Amino acid sequence: MTDLINLMNDLLWGSILVYLLVGVGIYFTIRLGFIQFRHFGHMFSVLKNSRKADQAGISSFQALCTSLAARVGTGNMAGVAVALTAGGPGAIFWMWLIAMLGMATSFAESTLAQLYKTKDDDGNYRGGPAYYMEKGLGMRWMGVLFSVFLIIAFGLVFNAVQANSIAGAMQNAFGWEDKYVGGAIMVLAGVIIFGGIKRIARTAELIVPVMALAYLALALFVMFSNLDKLPAVLALIFKSAFGLQEAAAGGLGYAIAQAMINGIKRGLFSNEAGMGSAPNAAASATPYPPHPASQGYVQMLGVFMDTIVICSATVSIILMSGEYVPHGEITGIELTQVALSSQVGDWGGIFVAVAIFFFAFTSIIANYSYAETNLVFLEHNHKAGLNLFRIVVLGLVGYGAVAPLPFVWALADVSMGLMAIVNLVAILLLSGIVIKLAKDYNRQLKEGKLPTFNADDFPELKSQLEEGIWDNKNK
């Protein structure tokens, strides 16, 4: 069974998904007129007014923090180190490139999630790929398939893996026993997830900015302490990306291939653009400006912050420390800990352990919120089923803290890969609507108006939209 799962992983991530995600990223980049570059500054303008929300939704800032909570996890600290050791410094260039392309894909999926959102029985906004598959494409079966894959990957298995990362870090840094750490995580997570999606959003809003800024501050300290090394580090990344370092040794083709595969794979794992996960948070927001495309801009910024900013912070810590050894034995989180400790002293390892706790813990609650939205999609009358699901999630968090998880981790990768394929097919089929919405938003922006979505301007869409969701925006 393990061999079959590994074979499927190699096929999905080594062939199909890499080409599909890159292709879709290029397609939306061109169709949207290089929106991530032309409107780079506008992403920050939207963020300035992102604290507004109505009773049904969370604010755009909370939606951004929730999606960042899921995106920014151990992959940003451990995954980057793995990409460096497996693919060389050139992998970082390809990680940056895939993030820039992924920003356009993220714009598309998050805009669609906003457009086709609904209200649940408690009056909260819900939406995401499953909802735009049902409403936009008229394919509920496709939404059901997507929801099942997401619940397995994000709701169950990834949370067990995140708990495992926390337990390992606490054991190494403080000598705390796995079972006690697991119990503490279950209690803390339970308090938040039983409070519903708004409590999850408030928690993410409090923790994520502090967590990210502290990590970036430390990375900047390392960078400024080694400013003389910066030109050499950048030269190393670009030379390795195109195999210039290895050309003399005759390993040019292999070196470029390894850098590309590892950089693209790690980048996709980290920023999740096209996976269909972040749109679940985007749909829960009350957008401002009141137009679906405004959430596209907010989530584009999420991809940028995850990969271009936070992953690059880890790169600077490792490459400037002098601890990086090509294809060395020390990799993953251990390499990040060793690199930071060599710059700031022994407390660097403790800081990484604490950072992992916050990164992984917020990932657990954000991942759960994605799964909850998809469970609501599957089962509209959801109270009893939802509480049972919460108990199962917490049980797996406790199990994950004490058990090694290589098999289930591989299983989650397969589930996540299948989920991404279903989502990418859906957003390609709905790409015409994305282009129309982007043009409508930008036309109003050029005319000096506050971009506002009016369903009457899109008669072909009116029958697909949830009644009362967008009508209220125009009153």
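**Helix α16 and its partners**

Helix α9 crosses helix α16 in a right-handed way. Helices here are DSSP runs (H or I, at least four residues), numbered from the N terminus. α9 covers residues 178–193 and α16 covers residues 347–378. Their axes lie 10 Å apart, at an angle of about 45 degrees. α9 is therefore oblique to α16. Angles run from 0 to 180 degrees between N-to-C directions, and axes are lines fitted to C-alpha atoms over the stretch in contact. Under 35 degrees is roughly parallel, over 145 roughly antiparallel, 65 to 115 roughly perpendicular, and the rest oblique.

Ile185, Leu188, Ala189, Ile192 and Ile193 of α9 meet Phe357, Phe361, Ile364, Ile365 and Tyr368 of α16. Contact means heavy atoms within 4.5 Å. This contact has ten nonpolar, no polar and no charged residues. Ala, Val, Leu, Ile, Met, Phe, Trp, Tyr, Cys and Pro count as nonpolar, Asp, Glu, Lys and Arg as charged, and the others, Gly among them, as polar.

Now the other partner. α16 passes helix α17 in a right-handed crossing. α17 spans residues 383–402, and the two axes come within 11 Å, crossing at roughly 150 degrees. From α16, Ile364 and Tyr368 are among the contact residues; α17 gives Phe389 and Arg390, among others. The classes are eight nonpolar, one polar and two charged.

This is a predicted model: local features need pLDDT of at least 70, side-chain atom pairs count only at pLDDT 80 or more, and totals for chains, interfaces and linings use all residues. Residues are numbered from 1 along each chain as its sequence is written, and side-chain values use heavy atoms, leaving out hydrogens and water.

How values were computed:
Helix = DSSP H or I, 4+ residues; strand = E, 2+ residues; numbered from the N terminus. Left-handed = near helix turned anticlockwise from the far one by under 90°.
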